[in-house]
Amino acid sequence: MARAPSRTSRSARPRSPWRRRLGILVKVALVLAVLGFAALATAVYVARAQLPSFEDLKSSPNGQMIRVHAADGTVLVSLGPSYGEWLGYSRIPKVMRDATIAVEDRRFRSHLGVDPIGIVRSVMVRYERGRWVQGGSTITQQLARNVFLNNQKKFGRKFREWILALALERKFTKDQVLELYLNKVYYGGGAYGIDAASRKFFDHGADNLSLSEAAVIAGLVKAPSNYSPTADAEAAKGRAGVVLQQMVRNDFITAAEAEAADASAVKLAPSPRQNSVRYFTDWALPQLELLIDETVKPLEVWTTLDPAMQRDADAAIRANVPNGAQGALVAIDRDGAVRAMVGGTDYVGSNYNRATTAVRQPGSAFKLFVYLAALEAGKTPEDKEVDQPVMIDGWSPRNDSRRNSGEVTLRTAFAYSLNTVAAKLGQQVGFATVADMARRFGITTPVNTHPSMVLGTSDVRLIDMTRAFASVGNKGVAVTPFGITRVSSEGETIYTHEVDRSRVLVAPYVAAQMTDLLQTAVNTGTGRAAQIGRPVAGKTGTTTSSKDGWFLGFSSGLTTGVWMGRDNARPVAGLHGGTAPARAFAAFMTRAVAKRPIEPFDTEVTLPEWQMEPDEESYFGAPDNSTFVDDDGYATEPAPSRPYDDRAVEDQPPPTEADRPLATRSREDRALDPRDRDPRDADDPQQLDQDWIDRVTGREAPRPRPAPRQPAPRYEGERPNQ
C-alpha cells in the first residue's frame with residue numbers, strides 16, 4: 001500500500017519557472033503602477049500650481065477681434081470671435097446646464113476630470129468601426145483643450161489634456177468648471193460662450209433661454225459648422241432633438257417636457273445679409289499678416305472703401321450683367337486706393353472673388369501694352385501702318401470684318417482695334433518687349449510671347465489690368481492698389497500706409513499719347529457706350545466666342561475695370577466689351593465722379609480718319625482676338641457667330657431687320673434710321689456733320705436732325721476691324 005507524500009516532501013518540490021516569472025511581473029507592475037501614480041500625481045500637482053486663477057481665466061481672450069471701417073469711418077464689418085456677457089453659474093439657466101451635461105458628459109458630476117468609462121467606450125467603438133468616432137473627452141478635458149491646447153489628434157496632446165483636466169478639477173469646483181466651459185466654448189459663427197451664441201441665433205441673452213433653445217445651443221458643440229442654424233437650420237433643429245432625448249434618458253426632463261419643447265418650432269433670428277463689401281474685406285484683411293505683427297489684441301482697421309461707390313458698383317454690375325453670367329468691378333483712385341470692389345453678383349451664393357482671383361483672357365484690352373511698347377519705341381498716334389494680311393511664324397491674324405483697310409494711322413488702328421496692325425507692331429518692337437511692358441505695368445500672371453499674345457491670349461486678373469490703366473492715367477507713374485490706410489490697437493496706431501509715387505513706368509509723353517488713343521476709342525470706337533459726359537479714356541476687350549467681355553478706363557482721377565463672363569468659360573450670347581461691360585462702367589462712373597471736378601486730358605480728342613466706315617465692332621465690340629488661337633498660339637477655325645443680344649442663349653428671340661446693328665445694314669436702311677446717319681451721306685462728302693462730331697466726342701447731347709437727304713454714292717473703301 002503506497003504512502004501519501006508528506007507535507008515536508010510537497011513543500012520541498014521546486015516551484016514552476018512560469019509561476020516565478022509571473023510573480024516577478026506582478027511585482028514589477030505594482031512598482032511601475034506606484035511610480036506611475038506618483039508621477040501622475042506630481043504632474044497634476046505641478047500643473048495645478050501653474051494654472052491661472054479663476055478670475056484670470058474669465059478674462060482671457062479666445063481670439064482676435066477685428067473691426068473694419070470704411071473710408072468715412074463707418075463700420076463695414078466686425079470679424080473674429082464675438083463675446084457676450086459673462087454669466088455666473090447662478091445666472092445660467094438650469095436647462096442650459098442640464099442640456100450640456102446630458103449631451104457632452106453625463107458623468108460630469110462623478111468623475112475626477114477624466115472618465116475611464118468614456119475612454120474605454122471610445123476605444124471599443126474605434127475597434128468596431130476602424131476609425132475614431134467618439135473621443136471620450138469630458139467637459140473638463142474640452143475646457144483644457146480650448147483654453148490651453150489645440151485640436152491635434154496626437155497622444156502627447158491627449159496626455160497633456162488629461163493632466164490639465166485632473167489639475168482643473170483639483171483647483172476648481174464642478175460648478176466653476178461648468179461656468180468656465182459654458183462661457184468660453186465655441187458655438188460656431190464666431191460666437192464664444194452661450195450668451196454670444198444666444199444673441200446670434202435667437203437675438204436675446206442666454207439668461208432666459210427656453211428648453212428648446214438651450215437644446216439647440218448645446219447641440220452645436222459637437223460640430224459647430226455642421227449644425228450651425230445660420231448654415232443649416234434643419235440640421236440644427238434635428239441635433240436639438242437628439243439633445244432632448246439625452247436629457248430624458250438622463251432624467252433631467254420628462255418625456256412630456258421634451259415633446260412640449262418641440263425643437264423644430266424654435267424661432268431663429270434672421271441672419272444678416274452679406275453684401276459685396278465682403279469681397280473687399282476678404283481681399284484686404286489677409287494683408288494684415290504682412291503689415292503688422294499683432295495677433296492677439298483687438299484691431300481697428302481703416303480701409304479705402306467708399307460705401308457710396310460700393311453700392312453704385314454693386315448696382316451697376318447687377319443691372320448690366322447678362323443672364324447666367326458673372327460680373328466683377330474694381331475702382332482705383334489715382335493714389336492706388338481701392339474705392340469699390342465687386343467680385344461677383346452674389347457673395348452669399350459664391351464668395352469667389354473674380355476681381356482679384358479669377359484669371360481670364362483680356363482680348364484687345366491687352367493691346368494697351370502693345371501700343372505702349374510701340375509709343376515708347378518712337379511711334380506716334382499719327383504714324384501710318386498698312387492694314388493688310390500678315391504672316392508671322394506661320395500665324396496669320398485676321399480682322400473681324402475679314403477685310404483690310406490699307407494705310408491707316410495708329411489712332412485709327414487702335415480706335416477700331418485692327419488685329420493686323422497690332423500684330424505688326426508687336427513684331428516690330430518684339431513680343432518679349434510687349435510681355436515686359438505688361439509685367440512692368442503690374443501684370444502678375446505669366447505672359448506668353450507667341451505672336452498671338454498681342455490679341456490678349458494670356459490670362460490676367462481684373463485688378464492687375466485696372467492697375468495698369470490707372471498707371472497710364474497717372475501720367476506713367478506706377479499705381480499700386482491698396483485697401484488698408486491705418487491700423488490701431490487699444491488706441492495706439494500701429495500701421496499707417498504711405499503712398500509711393502516715385503516709380504515711373506514710362507515717360508509722361510508716352511502716357512499722354514496712350515491716353516490720346518484711349519479717349520479716341522471711347523469717343524469714336526469700340527467704347528462708345530462708356531461715355532459719361534466728361535473726358536473718358538478706355539478700351540474694350542472681347543474674347544473668342546464671347547466668353548469674356550472687358551471694359552477698362554479712367555476719368556477724373558478714378559480708374560475702373562469691369563469684367564463679365566461665365567465661371568466655366570462657356571460663351572455668353574451677345575457679350576462684347578462695348579456692350580454690357582461698357583454700360584456697367586458708365587453707370588458706375590457717372591455717379592462715382594459726379595462730385596469730382598472735370599479733368600481734361602493733356603491732348604484733345606482727335607477723330608480717326610473719317611473716311612473709315614465703322615463696322616459692327618465700333619458700335620458693339622465684336623470679339624477682339626478673333627483669330628481664335630489655340631493654347632499654343634496658332635490659329636483655329638472660329639465657331640459660328642450668333643446675333644447680338646445681351647440675354648442668355650435660351651432667351652434670344654429671332655433677329656429682325658430692325659434689330660441688326662446699324663453698321664451691318666445697307667446704306668439705304670441706315671440713312672432712313674433715326675438712330676444714326678453717317679456724315680458721308682451729306683451732299684459734300686468732304687464736309688463732316690458737326691452734330692455727328694459733337695455726338696461721338698461726347699461734347700453735348702445729340703440734337704434733332706433734319707430729314708436725311710438722298711445718300712451719296714457708297715464709299716468703296718474697306719471697313720476696318722474692331
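Guide: What follows is a set of questions about the labels used for a predicted model.

Visitor: How many aromatic pairs does the structure hold?
Guide: There are eight aromatic pairs in the structure.

Visitor: Why is the pair of tyrosine 279 and tyrosine 347 called edge-to-face?
Guide: The ring centres of tyrosine 279 and tyrosine 347 are 5.0 Å apart, and a pair needs centres within 6.5 Å. Their planes stand at 80°; planes over 60 degrees apart count as edge-to-face, so the pair of tyrosine 279 and tyrosine 347 takes that label.

Visitor: What makes this a link between distant parts of the chain?
Guide: Tyrosine 279 is in helix H14, while tyrosine 347 is in the loop between strand E7 and helix H17, and the two are 68 residues apart.

Visitor: Are tyrosine 279 and tyrosine 347 buried or exposed?
Guide: Buried means under 20% relative accessible area. Tyrosine 279 has 1%, so tyrosine 279 is buried. Tyrosine 347 has 9%, so tyrosine 347 is buried.

Visitor: Why is the pair of phenylalanine 280 and tryptophan 283 called tilted?
Guide: The planes of phenylalanine 280 and tryptophan 283 are 55° apart. Stacked needs under 30 degrees and edge-to-face over 60, with the rest counted as tilted, so 55° gives a tilted pair. The distance is 5.9 Å centre to centre. Both residues lie in helix H14, three residues apart, about one turn of the helix.

Visitor: How do you know that tryptophan 283 is buried?
Guide: The relative accessible area of tryptophan 283 is 17%, and the cut-off is under 20%, so tryptophan 283 counts as buried. Phenylalanine 280 is at 0% and is buried by the same rule.

Visitor: What makes arginine 97 lie over the face of tyrosine 89?
Guide: Arginine 97 is at 4.4 Å from the ring centre of tyrosine 89, and the distance limit is within 6 Å. The charge must also be within 35 degrees of the ring normal. Lysine 539 lies over the face of phenylalanine 414 as well, at 5.7 Å from the ring centre.

Visitor: Why is glutamate 490 called exposed?
Guide: Exposed means over 50%; glutamate 490 has a relative accessible area of 61%, so the label is exposed. Glutamate 490 is in the loop between strand E10 and strand E11, and its phi is near 55°, a positive value in a residue other than glycine.

Visitor: Is serine 546 buried or exposed?
Guide: Serine 546 is at 8% relative accessibility, so serine 546 counts as buried. Serine 546 lies in the loop between strand E12 and strand E13.

Technical notes: Residues are numbered from 1 along each chain as its sequence is written. This is a predicted model: local features need pLDDT of at least 70, side-chain atom pairs count only at pLDDT 80 or more; totals for chains, interfaces and linings use all residues. Side-chain values use heavy atoms; hydrogens and water are left out. Rings of Phe, Tyr and Trp (its six-membered ring) pair if their centres lie within 6.5 Å; planes under 30 degrees apart count as stacked, over 60 as edge-to-face and the rest as tilted. Helices (H or I, at least four residues) and strands (E, at least two) are DSSP runs, numbered from the N terminus. Buried means under 20% relative accessible area, exposed over 50%, partly exposed in between (1.4 Å probe, protein chains only).
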